[in-house]
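Here is a brief report on selected local features of one protein chain. Keep the structure open while reading.

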Amino acid sequence: AVTQLTLSSLAEHHEVLEEYTEGIGKFIGMPHSVLYCSLQDPAIPSPPGYNTNKTVSVWGTGGRIELTTSKFMAMQQAFRPDWYQCMADGDSISEGASKKRVRKSVDRSLTFLDECLRIQQVSPALKTTEVVGVIEGGDILEERKRSARETSK
């Protein structure tokens, strides 16, 4: 069975799992389940306009949490999922996003992917973990193609 964990619901509790050191699967009593960690909860829309060149925002029960790539990857190292969705700027899916905003979203997401992969390569805790690159580009075909092409490299 595959179990989806959402970073938005877990981000406020990652320190507990950093101390536990055996990963979230064993912590929640599901050591043999395949664990997937998504950035956002797909059932809850995230408000647009809170991502920057250095951070992506997720929304926990206590409100907004800004994640840098190092903080995001520290959480992945603590959770030790089987696979995780890479950090990405998903604001380009907002209706009416300009071409400039969509391009910025793709550029940021590609930068986040490169940084996350760099950290993952040197992390013993993530040596068997797979990463899912996020394709951005909103409703602009050429940006979606660029995002897909660069993400797949």
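The model is predicted.

**Helix packing**

Two packed helices are described by the angle between their axes and the distance between the axes. Helix H5 spans residues 99–121, and helix H6 spans residues 141–151. Their axes lie 10 Å apart and meet at an angle of about 5 degrees. Angles under 35 degrees count as roughly parallel, so H5 and H6 are roughly parallel to each other. From H5, the contact uses Lys99, Val102, Arg103, Val106, Asp107, Leu110 and Leu113. H6 contributes Glu142, Glu143, Arg146, Ser147, Glu150 and Thr151.

**Buried residues**

Gln120 is found in helix H5. Is Gln120 buried or exposed? Its relative accessible area is 11%. The cut-off for buried is under 20%, so Gln120 is buried. Beyond its neighbours within four places in sequence, Gln120 contacts Met73, Tyr84, Leu126, Thr129 and Val131.

Ala78 sits in helix H4, residues 69–79. Ala78 is also buried, at 7% relative accessibility. Which residues does Ala78 touch, not counting those up to four places away in sequence? They are His14, Leu17, Glu18, Gly23 and Ile24. Ile44 is 34 residues from Ala78 in sequence. The C-alpha atoms of Ala78 and Ile44 are 24 Å apart in space.

**Positive phi values**

Most residues other than glycine have a negative phi. Thr21 has a positive phi although it is not a glycine. Arg80 likewise has a positive phi and is a residue other than glycine. Thr21 is in the loop between helix H2 (14–20) and H3. Arg80 is in the loop between H4 and strand E5 (83–85). Both values of phi are listed here with the accessibility of each residue.

| Residue | Phi | Relative accessibility |
|---|---|---|
| Thr21 | about 65 degrees | 44%, partly exposed |
| Arg80 | near 55 degrees | 39%, partly exposed |

**Surface patch**

Which residues form a nonpolar patch on the surface? Val16, Phe27 and Ile28 do. Together they have about 260 Å² of accessible area. Phe27 lies in helix H3, residues 23–27. The relative accessible area of Phe27 is 42%.

Key. Residues are numbered from 1 along each chain as its sequence is written. This is a predicted model: local features need pLDDT of at least 70, side-chain atom pairs count only at pLDDT 80 or more; totals for chains, interfaces and linings use all residues. Side-chain values use heavy atoms; hydrogens and water are left out. Patches are made of residues with over 30% relative accessible area and no salt bridge: like charges are joined within 9 Å, nonpolar side chains (Val, Leu, Ile, Met, Phe, Trp, Tyr) within 5 Å. Accessible areas come from the Shrake-Rupley method with a 1.4 Å probe; for residues, only the protein chains shown count as cover. A salt bridge is a side-chain nitrogen of Lys or Arg within 4 Å of a carboxyl oxygen of Asp or Glu. Helices (H or I, at least four residues) and strands (E, at least two) are DSSP runs, numbered from the N terminus. Buried means under 20% relative accessible area, exposed over 50%, partly exposed in between (1.4 Å probe, protein chains only). Axes are lines fitted to C-alpha atoms, for helices over the stretch in contact, and angles run from 0 to 180 degrees between N-to-C directions. Angles under 35 degrees count as roughly parallel, over 145 as roughly antiparallel, 65 to 115 as roughly perpendicular and the rest as oblique. Contact means heavy atoms within 4.5 Å.
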